[in-house]
Amino acid sequence: EIIIQLGMPNVQFLFQIDATENYFTSGKDTVSLLFSANKGSNLEPIKKVASGGEMSRIMLAIKSVLTQYSKLPTILFDEIDTGVSGEIALKMAEIMKLMSKKMQVFAITHLPQIASKGNNHFKVFKTSSDKDTISEIVLLTEEERIIEIAEMLSGKNISESAINHAKALLN
């Protein structure tokens, strides 16, 4: 039994398998994932009832479990943190940090909680001229990283509070 806590204590999952008369390329059964996030809620198809944040947490939990049983050298998360923030984002970052002990983990994110837990921090940005747009990537120094995370927290006008918060997240 593997338990991954992502701030969803009342979640229920049910894999419903129904036999059909028809044959599909994957067999004769249909499989549905039913989901309920709250006490007293009925189990419904996950695609109909899970929010973006719930889907992000569920996907990270599934991938975290799968990577414990596979020998992947690298995993890439492209904004798996969509729809989450605060304490949940921090928990997701801690799970990814734990995963990075067994494999290389890349996380594309806009959340400072996620960015702060990486061993390295790259900034991806675009520059434009009259004729084209170029995407660039730069490895940040520790000082640049503090500024970038502070900017993620407070926008372009970085406050001293944001700098202090960025330093705290990095420690």
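In helix H5, the residues Arg-145, Ile-146, Glu-148, Ile-149 and Ala-150 are buried, where buried means under 20% relative accessible area, exposed over 50% and partly exposed in between, with a 1.4 Å probe and protein chains only. The model is predicted, so local features need pLDDT of at least 70 and side-chain atom pairs count only at pLDDT 80 or more, while totals for chains, interfaces and linings use all residues. Residues are numbered from 1 along each chain as its sequence is written, and side-chain values use heavy atoms, with hydrogens and water left out.

**Helix H5**
- Helices (H or I, at least four residues) and strands (E, at least two) are DSSP runs numbered from the N terminus.
- The 13 residues of H5 (residues 142-154) should span 18 Å at 1.5 Å a residue, and the end C-alpha atoms are 18 Å apart, which agrees; the expected span is 1.5 Å times one less than the number of residues.
- After H5 comes Gly-155, which has a positive phi near 90°.

**Salt bridges**
- Two salt bridges are found in a search of the whole structure, each being a side-chain nitrogen of Lys or Arg within 4 Å of a carboxyl oxygen of Asp or Glu.
- One of them joins Lys-123 to Glu-148, with the closest N and O atoms 3.1 Å apart; Lys-123 lies in strand E6 and Glu-148 in helix H5, so this pair ties together parts that are 25 residues apart in sequence.
- Lys-123 is partly exposed, at 25% relative accessible area, whereas Glu-148 is buried, at 14%.
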